[in-house]
Amino acid sequence: MAHRHDPHHEHEHTPGQGHHHGHTDVDWAEMGPLLESSAELFASLYERALGWLAQEVTEPGLIVDAGSGPGVVACLFAETFPGARIVAVDGSQPLLERARARAERLGVADRFSTIAGELPDVLGELDYPADLLWASRSLHHLGDQRAALAAFAERLAPGGTLALMEGGLPPRFLPRDIGMGRPGLQARIDAVQAEWFTRMRTDLPGHVAETEDWPALLSAAGLKHTRTHSFLLDLPAPVPDRARAYVVASLSHMRDKLAEGLDAEDLATVDRLLDPDDEASLHRRPDVFVLEAHTVHTAVRPG
C-alpha cells in the first residue's frame with residue numbers, strides 16, 4: 001500500500017495494490033512522483049510522529065513499513081533508529097525501486113530492504129517478527145481491515161508495537177471565501193471525496209464494513225496499551241514553491257473525481273484554480289496555505 005492522499009486520504013501514504021475498481025482504481029506507480037514529493041513536504045510531521053514513537057519503541061531491531069510507497073517515511077525510520085533494519089513492503093515494484101534509490105542516496109541501503117506483494121499476506125515473507133510495524137493509510141486499501149490488523153499483529157515480536165496512521169482531518173489550503181464562486185468550496189470538495197472514499201472501500205475485494213474505531217480494532221487484534229496522537233502540518237501563506245506545487249498537484253489529481261459530485265459553478269471555480277494563466281489560480285494566489293492533521297494509533301503485542 002502506500003502513503004497517500006488519493007482523495008486526500010492518500011498521498012503520503014501507499015499500498016500499491018493493483019486493484020481495479022473502475023473510477024476508484026488508483027495507479028500507484030503513476031502517482032509515484034506525487035507520493036514522493038508530498039511525503040517530503042510532510043517530513044516534519046513524520047519526524048514528530050517518529051519521535052513520539054521513539055519514546056516507547058526503544059532500540060527496535062526490525063521495523064516494517066507496511067505500504068511504504070516510495071520510501072520517504074521508511075528512510076526517516078532508518079535515520080530515527082540507526083540500529084534498526086528497515087523493510088519496506090508494498091504492492092508496487094516501481095515505488096519500491098524509488099524506495100531503494102532513496103535509501104542508497106541517504107546512505108542507509110546496508111540495512112534497508114524491500115518486499116513486493118499484497119498486504120497482509122506478503123508479511124509472511126518476513127524473516128523475523130517486527131519490533132515496530134508502521135502502516136500509514138495503507139490499511140484502508142484492504143477489504144477486511146479487522147482481519148488485516150490481526151495479520152499485522154501476528155507479525156509483531158512479543159512487546160512489539162503496531163503503529164497505524166488513519167483518520168486525521170481533511171486538508172485545508174484556501175480561505176472559506178476565495179473571492180470567486182460560492183464560499184465553502186473545500187467543504188464541498190470534502191463531501192465528494194468522502195463519497196469517493198466510501199465507493200473505493202466498497203469496491204475492494206472482500207470488503208467488510210467496519211466501524212472505524214481504530215483503538216477498539218487494535219484491541220480486538222489482541223494488542224494492549226493503545227495510544228493516539230495527532231500531528232499537524234501548518235504551512236501558512238505565503239507558502240514555499242514546493243508546498244504550492246503540492247496543492248496544485250493534489251487538486252489536479254482530484255479533478256476527475258470532483259466532476260461526478262460538484263455542480264457546474266464549483267467545477268468552473270476548480271478549473272480557474274488550476275489554470276496557471278488565471279490570476280486567481282493556485283499557481284499565483286498569495287493566500288494559499290497547507291493545514292493538515294494526521295492521526296497515529298499505537299498498540300503493543302503482549303510479551
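Modeller: Let's take helix H4, where Leu95, Leu96, Ala99, Arg102 and Ala103 are buried (under 20% relative accessible area with a 1.4 Å probe, protein chains only; exposed is over 50%, and partly exposed is in between). Looking down the axis of H4, those buried residues fall within an arc of 115 degrees, so they line one face of the helix; the arc is taken from the directions that run from the helix axis to the C-beta atoms. The background is simple: an α-helix has 3.6 residues a turn, so residues three or four places apart point the same way. On the face of H4 turned away from the buried side you'll find the exposed residues Glu104 and Arg105.

Before going on, a word on what you're looking at. This is a predicted model, so local features need pLDDT of at least 70 and side-chain atom pairs count only at pLDDT 80 or more, while totals for chains, interfaces and linings use all residues. Residues are numbered from 1 along each chain as its sequence is written, and side-chain values use heavy atoms, with hydrogens and water left out.

Helix H4 covers residues 93-106, and its 14 residues should span 20 Å at 1.5 Å a residue, which agrees with end C-alpha atoms 20 Å apart (the expected span is 1.5 Å times one less than the number of residues). Helices here are DSSP runs of H or I, at least four residues, and strands are runs of E, at least two, numbered from the N terminus. Just after H4, Gly107 takes a positive phi of about 75 degrees.

Now the charged side chains. A salt bridge here is a side-chain nitrogen of Lys or Arg within 4 Å of a carboxyl oxygen of Asp or Glu, and the whole structure has 14 of them. One is between Asp271 and Arg255, at 2.6 Å, N to O. Asp271 sits in helix H9 and Arg255 in helix H8, so this pair ties together parts 16 residues apart in sequence. Both partners are partly exposed, Asp271 at 35% relative accessibility and Arg255 at 21%.

As for the setting, the protein chain has 9 helices and 10 strands. Its radius of gyration is 19 Å, close to the 19 Å that the globule rule gives for 303 residues, so it is as compact as a globular protein of that length; the radius is taken over C-alpha atoms, and the rule is 2.2 Å times the number of residues to the power 0.38. Of the 303 residues, 54% count as buried.

Finally, confidence. The mean pLDDT of the chain is 91, with 90% of residues at 70 or more; pLDDT is the predictor's confidence in each residue, from 0 to 100. Over residues 1-23, though, pLDDT stays under 50. Where pLDDT is low, the predicted coordinates should not be read in detail.

How values were computed:
Contact means heavy atoms within 4.5 Å.
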